[in-house]
Amino acid sequence: MKDIPVADVRNFVLVGHTGSGKTSLVDALLYKLGVNDRLGNPGDGTSMADWTDEEKNRKISIWAKPFDAVWRPKGANPLRLVMLDTPGYADFYGQMVAATQVADAALLLVDATAGVQVGTVRAWKRCEALGLPRAIAITGLDKENADFNGTVAALQDLWGVRCEVVTFPTADKKGVVDVLSGQSPEAEELRSKLTDVAAESSDELIEKVLNGETLSADELAQGLRSSVVQTKFIPIFAVMARQSLGLDELMQGFGRLMPSPADRPVKDESGAEVNAAADAPLVAQVWRSINDPFVGQLTLARIWGGTLKENSEIFNATKEQKERVGTIYFTNGKKNDPTPEAQAGDIVALAKLKSTGLNDTLCAVGKPAKMAPIVFPNPVASFAVMPKNQGDEDKLGQGLSRIADDDPTIHVQRNDETRELIITGMGDVQIDVAMERMKVRSKVEVTLSTPKVAYRETVTTKGEGHYKHKKQSGGRGQYGEVYLRIEPLRPGVDHWFVDGIVGTSIPRNFLPAIEKGLVEGMTRGAVAGYPVVNTMVTVYDGSSHDVDSSEIAFKIAARTAFKDGMAKAKPVLLEPIMNIRVTIPAEFMGDCTGDLNHKRGRIMGMDAEDGMQVIVAEVPQAEVFKYSSELRSMTGGRGSFEISFNRYDIVPSNVAQKVIAEAAKNKQAEEEE
Ligand SMILES: Nc1nc2c(ncn2[C@@H]2O[C@H](COP(=O)(O)OP(=O)(O)OP(=O)(O)O)[C@@H](O)[C@H]2O)c(=O)[nH]1
Ligand SMILES: [Mg+2]
């Protein structure tokens with residue numbers, strides 16, 4: 001936007017627990033600023049921001065999306081707002097991760113009836129990790145039992161940062177008072193707190209205050225803004241989106257207190273500062289890539305510095321390739337407004353870029369720079385996915401890869417051990433939404449099921465195996481005899497075997513056949529048909545027959561001797577053990593640890609963190625495939641967890657018996673087919 005200087009741009013991301021009113025606030029601002037001609041409501045499907053079918057159906061935000069509008073207050077410079085609405089729902093955390101990384105500041109929404117929730121803490125932590133300047137908006141003030149002062153007090157207690165009220169609701173909740181200009185005793189009292197905060201920001205201001213001078217509104221604002229940029233101060237606003245109250249005060253507050261793109265030094269990956277000025281070299285970062293069925297590939301980029309012009313040639317520094325930009329759009333929901341150029345703070349949509357993808361940095365030709373990539377959280381919930389209709393395998397593969405292209409927190413992988421296609425995401429809601437999207441876009445329907453556990457087998461002691469394969473059924477007979485030894489290797493060393501045959505008891509030309517027999521035995525082990533690992537096999541003797549010995553005879557002899565040896569070497573099943581880190585409100589500690597114990601988990605530690613309890617445990621993978629939905633129902637959505645593979649460990653015998661019985665049943669079914 002050429003008519004508005006970078007200093008008058010406020011780019012911010014809205015974060016907070018699901019249902020805290022982020023999208024409602026965006027809708028209220030878009031209506032107030034004339035971008036929309038009616039007040040949309042995400043609660044009834046009329047939102048301009050939650051516009052996709054999947055968001056309308058579910059009444060929650062699913063994607064992080066940019067919006068922009070200009071506020072033109074009387075007698076002051078216009079202020080350009082670039083807003084990023086994000087989903088608060090845990091499954092869509094990856095979207096918040098991306099949007100926070102490309103914002104200049106965050107507005108954290110807290111519902112005055114619910115207070116600080118898991119989603120609030122999650123958002124806070126992300127902002128902390130990025131050192132993102134923050135403001136807080138208290139919502140839900142029109143609801144019964146809304147407690148503005150109580151919520152403020154809770155926030156002030158929680159994080160050890162100065163959080164002070166900048167606007168507050170009147171007692172009748174029919175208006176909002178601005179502390180910087182308000183005349184009531186309450187406003188004055190709050191203003192003196194803001195004066196303290198501002199004074200701490202510079203020696204000059206502190207001196208003035210100590211001398212008993214009052215700070216001018218400008219001095220106050222400047223001091224406060226520099227504290228905000230240093231994340232030493234967090235202004236708190238009262239907003240009532242549905243009533244359109246507190247919005248002017250919020251925008252005024254953002255203009256005064258929150259940083260412009262030029263106020264906060266942003267560095268590229270090499271540590272060099274990115275110049276936000278319009279005439280500086282272009283630096284832009286791709287934070288979302290959309291595979292739109294109608295438009296095709298859409299790339300969302302944040303401009304950090306310089307000017308992006310339509311129909312121009314730029315350089316993708318990540319891919320080290322030139323890229324041609326056609327039309328540039330500002331997007332407000334479904335609405336795409338073409339713009340001839342865009343500057344620092346802007347978020348633009350670019351159509352049909354040739355080779356640009358997520359996390360790429362776009363630059364001026366000849367001035368390469370790279371921004372640090374967005375690191376997405378690891379997905380935690382896995383499902384086996386199968387097409388409903390046989391013959392749809394190819395369509396499924398394409399559909400899934402498009403899903404994974406759009407959402408970096410969905411991974412798709414084939415598990416060779418269990419021969420299943422596995423989709424892994426942040427939770428079952430995200431996967432359900434993605435499968436619905438795939439049905440519409442790629443016309444393929446699927447069934448989801450709990451993945452099979454990739455069990456493995458090993459031995460715990462030495463065992464001798466022997467088999468003589470001897471058949472005489474008319475004509476030429478079959479003969480091969482193998483002696484071998486099986487012994488455990490330490491974990492992590494993969495199975496292998498040694499050619500320990502001395503002398504000439506087995507002719508060398510049969511060694512490959514013996515090897516084949518062993519490989520067969522090891523890929524479909526002796527306990528329940530799972531691969532054998534951490535095991536050494538040594539074939540040390542055998543015998544052959546001049547006429548009847550054959551490759552097939554030695555292969556059978558080796559495979560059978562292997563089974564014999566396994567049985568004698570005290571074989572066990574191994575299962576994947578996961579590290580799990582569960583974050584819950586303290587009241588769920590008992591339920592949660594009880595549940596983990598019940599799941600054969602081992603609690604490794606407990607800790608308090610930001611008002612929540614953290615449990616660290618080890619738990620078998622077989623027990624936690626459904627953990628994301630179980631934890632949600634156990635804690636009413638207030639818990640979250642991270643999970644990662646730790647190691648393989650022995651399955652206790654009572655559990656192993658069930659796995660072995662199941663394997664025998666499946667084998668029988670296979671043979672009968
Ligand atoms: N009474 C009241 N209802 C509100 C307020 N803000 C939002 N709502 C309603 O609460 C519901 C959720 O609001 P959203 O704006 O969608 O919440 P959100 O923070 O965007 O939620 P996610 O997108 O899931 O993260 C909707 O039905 C809104 O109409 C408020 O201040 N007061
Ligand atoms: Mg929303």
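Is serine 61 buried or exposed? Serine 61 is buried, with a relative accessible area of 8%. The model on screen is predicted.

**Whole chain**

Begin with the whole chain in a cartoon view. The chain has 673 residues, and 54% of them count as buried. Its secondary structure consists of 16 helices and 34 strands. Along the principal axes, the C-alpha atoms fill a box of roughly 110 × 60 × 50 Å. Switch to a surface view: the accessible surface of the chain is about 30,000 Å², and carbon and sulfur atoms account for 48% of that. If contacts between residues at least 6 apart in sequence are taken, 72% of them join residues at least 24 apart.

**Ligand 1**

Select ligand 1 and display the residues around it. There are 19 of them, and the closest are Thr18, Ser24, Asn41, Gly88 and Asp142. Colour this shell by residue class: three residues are nonpolar, 12 are polar and four are charged.

Next, pick out individual atom pairs. A nitrogen atom of ligand 1 lies 2.7 Å from a polar side-chain atom of aspartate 142. On the backbone side, glycine 19 places an N or O atom 2.8 Å from an oxygen atom of the ligand. Glycine 21 has a polar backbone atom 2.9 Å from an oxygen atom of ligand 1. On its own, ligand 1 has 650 Å² of accessible area, and the protein covers 84% of it.

**The magnesium ion**

Select ligand 2, the magnesium ion. Which residues coordinate the magnesium ion? They are Thr23, through OG1, and Ser61, through OG, at 1.9 to 2.0 Å. Threonine 23 belongs to helix H1 (residues 22-32), whereas serine 61 sits in the loop between helix H2 (53-58) and strand E2 (65-71), so the pair ties together parts that are 38 residues apart in sequence. Threonine 23 counts as buried, at 6% relative accessibility. Serine 61, the residue of the opening question, is buried too, at 8%.

**Asparagine 316**

Move to asparagine 316, in strand E15 (residues 312-316). Its relative accessibility is 0%, so asparagine 316 counts as buried. Show side chains here: that of asparagine 316 makes a polar contact with the side chain of threonine 356, at 3.1 Å. Apart from residues up to four places away in sequence, asparagine 316 touches Gln321, Ser355, Thr356, Asp360, Thr361 and Leu362.

**Two residues with positive phi**

Go on to asparagine 359, in the loop between strand E20 (347-351) and strand E21 (361-363). Asparagine 359 is not a glycine, yet its phi is positive, at about 75°. Most residues other than glycine have a negative phi. Asparagine 359 counts as buried, at 16% relative accessibility.

Then select serine 244, in the loop between strand E9 (233-238) and helix H9 (247-257). The phi of serine 244 is also a positive value, near 55°. With a relative accessible area of 24%, serine 244 is partly exposed.

**Asparagine 291**

Select asparagine 291 in strand E12 (residues 283-292). Where does aspartate 405 lie relative to asparagine 291? The two are 114 residues apart in sequence and 7.6 Å apart in space, C-alpha to C-alpha. Aspartate 405 is one of the residues in contact with asparagine 291; leaving aside neighbours within four places in sequence, the others are Gly296, Gln297, Arg402, Asp406 and Arg441. Asparagine 291 is buried, with a relative accessible area of 15%.

**Arginine 638**

The last stop is arginine 638, in the loop between helix H15 (627-635) and strand E34 (640-650). Is arginine 638 buried or partly exposed? Arginine 638 is partly exposed, with a relative accessible area of 31%. Display its contacts: not counting residues up to four places away in sequence, arginine 638 touches Val118, Thr583, Ile584, Pro585, Glu587, Phe588 and Met612. To end, draw a distance from arginine 638 to serine 181. These residues are 457 apart in sequence, and their C-alpha atoms are 39 Å apart in space.

Methods:
Residues numbered from 1 in each chain as written. Chains lettered and ligands numbered in written order. Predicted model: local features only at pLDDT ≥ 70, side-chain atom pairs only at ≥ 80, totals over all residues. Heavy atoms only, no water. Near = heavy atom within 4 Å. Polar contact = N/O pair within 3.5 Å; in protein donor to acceptor, adjacent residues only side chain to side chain. Areas by Shrake-Rupley, 256 points an atom, 1.4 Å probe, with all protein chains shown as cover. Nonpolar A, V, L, I, M, F, W, Y, C, P; charged D, E, K, R; others polar. Donors = N, O, S within 2.8 Å, 3.2 Å for Na, K, Ca; no water. Helix = DSSP H or I, 4+ residues; strand = E, 2+ residues; numbered from the N terminus. Buried < 20%, exposed > 50% of the residue type's maximum accessible area, 1.4 Å probe, protein only. Contact = heavy atoms within 4.5 Å.
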